[in-house]
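Biologist: I have a model on my screen and would like to learn how to read it. Could you take me through a few features, one at a time?

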Amino acid sequence: MTKNNNVDTTRRNFLKLTGLGGAALCLGFYFPADGVPTLVTPAELTDAEIELCPWIIINPSGKVTIVNHRAEMGQGSYHSVPQIVAEELEVDMNDINVIFAIGNEKKYGGQVTGGSSTIRSSYKNLLKLSAASREMLIVAAAAKWNVSITDCYAASGLVIHKPSGKKAHYGELALAASKLPVPKEPKLKKISEYKLIRKPLKRIDTPLKTNGSLIFGLDKRIPGMLFASVERDPRYFGKVKSFDATQALKVPGVRKVFKVEMSYYEYKREGVAVVADSTWAALEGRKVLKVQWDSSGFKHWSTPEIYKTQNNLLHNQEGMMLKTLGNPTEILAQSTKKLDVVYQTPYQSHVAMEPINCIAHHKGESIEIWGPIQAPGWIQDDISKQFKIDKEKVIVNMTFLGGGFGRKAMIDYPSEAVGVSKIIGGPVQVVWTREDDAALGPFRPGISYRCEGMIANGKIEALKFRMAGQNNDHWRGGAKDKPNRSTSEGFLKPYYESIKNLSIADVLFETTIPTSFWRSVYASTNGFAYESFIDEMAHEAEKDPLDFRREHLQEDRCQKLIDKMEEVSDWKKRAKNEGYGVAITECFNSTVGHIVKVSKNPQGGIKIDKVWAVMDCGWYVNPDIIHAQVEGSIVMGLGAATTHQITFKDNVVEQHNFYDYPLPRINEIPPIEVYIIDNEEDAGGVGEPGLPPFAPALTNAIFDLTGKRIRTLPFKLSDAY
Amino acid sequence: MIQLTVNGKTEKLDVSPEMPLLWAIRDTLGLTGTKFGCGVAQCGACVVHLDGEAVRSCVTKMSRAEGKNVVTIEGLSENNDHPAQKAWQEIDVPQCGYCHSGQIMSAAVLLRENPNPSDQDIDDAMAGNICRCGTYPRIRKAIHLASEMQGKSRT
């Protein structure tokens, strides 16, 4: 922010200290002491501001601005990142500004908000930077007053001289502090000393979400901006053969109709854009646009063929080995009493409540983008390459996201918006309809798993997992002669200690359907297969499913998790006519266990009576946000297991909108209890790991009640009993 | 010209009578608190009050809104302090927050019509509002809390 050379020097010191890397800002919000937030714009942040480190900006008035370098899509980074910084900087949460960083990975490190990585990848640096900043402010105050550093302390944005009671706010000290050397090993608080971290503080963005004032991507407006809607081939690789814009151009407000394309890594998707004065005019114009598509030259897949092919592959190929212990193939071949089953999971769409949208302005020499964006760095890379403009001149502004779930980490929709802007020569917002959003992909891949295993002496003697499903990495140029690195995702590592003969392999399976990350990624499907099969093994061993896991997961954190699950649930009090299911999965360095209780619905089918969830995510910031994320993960997992799926006919998605891709509604949600394991281990992820155990815990509970093993998702609760 | 009242203010809009109220509110009037979610009355993100009734503005044509009184989330209360808004803040209901304008507008009508809703009443009134983040347990809690708050403010 500041042009002071000394501050630049300090900034470079921070670079050395943290390994992270100068300042430009986008819209943020100002939170005055009365808690009623108002909008603050970068223009209001003046050159007088001192940037003590990339995350901390101090105004001469004493107002502290904390930068959130990651996307906020509901998971809470906009609150959690400042909650960490405020703790060690010693400022009050209700007296800070929070702003979003623009995409600048040299400065902030990785900004791709995925893999539940925001806290776990940055908290150690954030604590250290914030503590270092606090110490520098104290040193500056002591020097100003000519007193001993040890007689000074920081609290609520002030440095206080204890003997005299003298006070100075950070704004009075920031310039002097910024000229000081950066302490290499600032003193960090112990967990027991935290005043903010680990406390269920209310989210600072909530009031903005109750009165309509929060600006999502779709709400963003740029002066002179037009609106566009794009007709795209329902088949990804379809080409525009011809189009007739006569009727579309007659719609009042429609300005232009032309062919565009968007990139999904090296692949291109074609479409015809209708540009208009308003969203509605663009949508109306698109309704009467006529496009002829050429859908030849690539294979068209239908859902039954996808699963038939996967099943054949799983029975005819060993696949590429990711992990081998002992010799499971030989042992299983000799066994007369082995289980050999196939699990099947569906393709899924993300359908965040805010449909995909993006504003782009191609200005000739530079490009600026605004939108609900999870991956600013990837977009800079891609747009820079595609449009031949230096990466530094591709400015990516993250707005709040109305949900993301991995879809908004893609680079396709911004690239299309830039293409439209380049042709019209001005800013434009490309708006996807719900139908576009739900049915055009990329999708979570539908995957089949062949699981083989045998029991000896009450324990798993041999286990063999094979996966056949699309590898998201292939769309990004990933090698096809190597197994999917995520084939083991979700499966608990301590099993590797107790199961002597084990293999996990990936059988290559490809289609012409685009796939990508979906909340918790492969753990969302792997977890269902693997934890269901562990349950099958427990049944085969005639063991209690929770005890069976306890015996196989001989690792301290797992043992504590299982103990906690047993303690908080009614597991031991299980009654007849009640079904209990357990599942435990690991995802993004956090382990989560669910226990689901089901019963027969008097109206028919299965009723979910209760869900207990226990999360071990190590070091954590805000327990209430964790509770919310796990609750939400369970609801999302419930939908993916029981209410919706994406199916294809000749590569065209058969679903359109919420009427045929139905999401769970309030009347379908069971009571949920969430517990967090307290420990001082390294931080794990929070936004995703709560999802994978739900489906297997549910189907395991249904097995417990009915004796019927569900191996294919989704299934209808109404048909399950 | 179509005349209507939006959040207490008379507006004359030069738009087609066929235009959904949603787009008039968002694009013509610039009130972006009302959200586009599905366009087909499935998700409830666009709920506004039309003469006091919760309607889905994405399928409500301007011809129907003509002469009527429209309240959007921006006009629900002056200080973000309708009992539903206060309860939503107290419980920290929203995650991404996108659906919650609609959720709160639906809840406000429920709370007016039925000051002490049961869980079943909440299911019946709120099943038209989808939340992809899965904040439903908190929505339920917040409506009960809003009901309590509303009761107290009346006594």
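Biologist: Before we go on, where does the model come from, and how are things numbered?

Modeller: This is a predicted model, where local features need pLDDT of at least 70 and side-chain atom pairs count only at pLDDT 80 or more, while totals for chains, interfaces and linings use all residues. Residues are numbered from 1 along each chain as its sequence is written, and chains are lettered from A and ligands numbered from 1 in the order in which they are written.

Biologist: In which sense do β3 and β5 of chain B pair?

Modeller: Strand β3 (residues 47-50) and strand β5 (residues 69-71) of chain B pair in the antiparallel sense, over 2 bridges. Find Leu50(B), and you will see Val70(B) of β5(B) opposite.

Biologist: Which domains does chain B have?

Modeller: Domain bounds come from an automatic or database domain assignment. For chain B, that assignment gives domain 1 (2-75) and domain 2 (83-154). Their C-alpha centres lie 21 Å apart. In chain B, 14 residues of domain 1 are in contact with 11 residues of domain 2; contact requires C-beta atoms, placed from the backbone, within 7 Å. On the side of domain 1 of chain B that touches domain 2, the largest share, 3 residues, comes from β3(B).

Biologist: Now a helix: how far apart are the end C-alpha atoms of α10 of chain A?

Modeller: The expected span of a helix is 1.5 Å times one less than its number of residues. Helix α10 (residues 376-387) of chain A has 12 residues and should span 16 Å, which agrees with its end C-alpha atoms being 16 Å apart. Just after α10(A), Lys388(A) takes a positive phi of about 55 degrees.

How values were computed. Helix = DSSP H or I, 4+ residues; strand = E, 2+ residues; numbered from the N terminus. Pairing = 2+ DSSP bridges. Contact = placed C-beta atoms within 7 Å.
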